[in-house]
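Opening the notebook on this one.

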Amino acid sequence: MKNDICGRNFYLSLGFVIIFMSSAIAQSSDKMDWWKDAKFGMFMHWGLYSQTAGYWDGHIAKGNEHFMIHEKIALKEYATIADDFNPTNFNAEKWVLTAKEAGMKYIIITSKHHDGFAMFDSPSNDYNIKSRTPYAKDPMKELVAACHKHDMKFGFYYSLGRDWEDPDVATNWPHKGGRSNLVDFPDEDIKVFSRYFERKVKPQVKELLTQYGKIDVMWFDTPELINSEESKELRELILDLQPHCIINSRIKHGFGDYKVTEQEIVDGLEVEPWEACITMGKNWGYIEYDTVYKSSELMTRQLLEIVSKGGNLLLNNGPTAKGEITDLAQERLTEMGSWIKQNAEGIYGSKPWSVQSERLTEVLDSVEETNASDEEDTMKDNLHDGTSKDIFPEVIFTTKNNFIYAYVCSTTIADVTIAALATKNGAKVKSVTPLDSSNNVKWKQTTKGLTLKMPVTSNQVIPISGFRIELK
């Protein structure tokens, strides 16, 4: 009898362990669900560099938002920019509604960029917007509150391994000291990352996760010399404070929940969660003379391409020092939002189909050049844009709820044949429904493909037509 009781207790205990482990695994998986479904977010680079708007000492600054180290400016002099930083036109609700109306589901903003200046109230370090500027308030408090109010997910960007205010931050890219403040702290060999980690990183991350309520994402950048133990400790710190918080791969050493590509789109289908962060113009922060932005058509195509490959698009804009989203960014976002409202069904919550895209045979001599060549640029961390600027006829696919979604992009022909949906491939089409109207579409499926009679798109700002395809 005693053995039976012991055995029963053992199996009960084992059962509880299995249930607990299953619950923990499910919880870990579930926290990514909203992110995987979201597909589209807004990236915002905002800081002291927004005040100078691409200039320094009467000339165009080298390095744009990174100009402090490229112009070799001492910290004391750079810090004087804060004396004039007063974003009196900042309106958190307007920012959030701009993102929401563009079809975005989350916002990531720079809480601290490489210059080390905190755009939030940081009790542990007075080099911050509340302590050093005439604005004397914490804009993050209003922004997080507006996100919570309008059901927008929110995350903080934090420059992890670059900080030009702290004496203990060495760098090793593209060479030893290559992205370090060598004006104020010239000796790389005496810098100890762990001192900076304890003195600034951990206290500020705690502040970000305890001062504003629920935070959905911690988005790290430039991990540089952080070691594996510190990355692990940082992840544990975050999850101890906010267990549902998602962390990107730039925490380093494999401790992130999803990977990031910068200014690039992967070549093929990615099985693991990933996100492409891409600029609208050339730069991340506000640059007054950066007035050539990608068209809304190109950026919508990039969104569809990324979604078809299993990823999210984090589309960047840099607000002005006064706290305004530029007119050009607002215009592009409005155009994209109008298109997404009609075509969202095959985007949010979708998954990649067996075929990601199909280039149509139509020849189109339309190549959009939005950015000058950067082949000779060595500062790949602030000006590089490796995304294609080509506009050509193409079909991009997604799938959801047993439907196939086909987005026919940038075509001028009346009848489009989609070879991937030919009867010889085993697919038998039951119905085709346009996403942007209730009108029927004429279609025919043959051994060569599914031929669609295209709607007139000549007056559309974004000439992309989405179709829901049901198979028998």
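**Notes on strands, helices and a patch**

I started at Tyr-55, which I found in strand β2, residues 55-56. A reminder to myself that this is a predicted model. Together with Ile-60 and Tyr-289, Tyr-55 makes a nonpolar surface patch of about 260 Å².

Next, the sheet of 8 strands. I traced an open sheet with parallel pairing, in the order β7-β6-β5-β4-β1-β10-β9-β8. The edges are β7 (246-247) and β8 (259-262); each has a single partner strand, so one side of each has no neighbour in the sheet.

I then zoomed in on β4 (residues 106-112) and β5 (residues 153-159), which pair in the parallel sense over 6 bridges. I looked up Lys-112 and got Tyr-158 in β5 as its bridge partner.

What lies across these strands? Helix α9 (residues 193-210) lies across β4, β5 and β6 (217-221), and I have it running at about 170° to β5. Helix α11 (residues 296-308) lies across β1 (40-44), β9 (274-279) and β10 (311-317), at about 150° to β10.

Last, the sheet of 3 strands. This one is open and antiparallel, ordered β14-β17-β16. I noted β14 (415-418) and β16 (443-445) as its edge strands, each pairing on one side only. From one strand to the next, the twist averages 15°. β14 pairs with β17 (residues 450-453) over 4 bridges in the antiparallel sense, and I found Thr-451 in β17 as the bridge partner of Thr-417.

Note on methods. Residues are numbered from 1 along each chain as its sequence is written. This is a predicted model: local features need pLDDT of at least 70, side-chain atom pairs count only at pLDDT 80 or more; totals for chains, interfaces and linings use all residues. Side-chain values use heavy atoms; hydrogens and water are left out. Patches are made of residues with over 30% relative accessible area and no salt bridge: like charges are joined within 9 Å, nonpolar side chains (Val, Leu, Ile, Met, Phe, Trp, Tyr) within 5 Å. Accessible areas come from the Shrake-Rupley method with a 1.4 Å probe; for residues, only the protein chains shown count as cover. A salt bridge is a side-chain nitrogen of Lys or Arg within 4 Å of a carboxyl oxygen of Asp or Glu. Helices (H or I, at least four residues) and strands (E, at least two) are DSSP runs, numbered from the N terminus. Two strands pair if DSSP finds at least two bridges between them. Contact means heavy atoms within 4.5 Å. Axes are lines fitted to C-alpha atoms, for helices over the stretch in contact, and angles run from 0 to 180 degrees between N-to-C directions.
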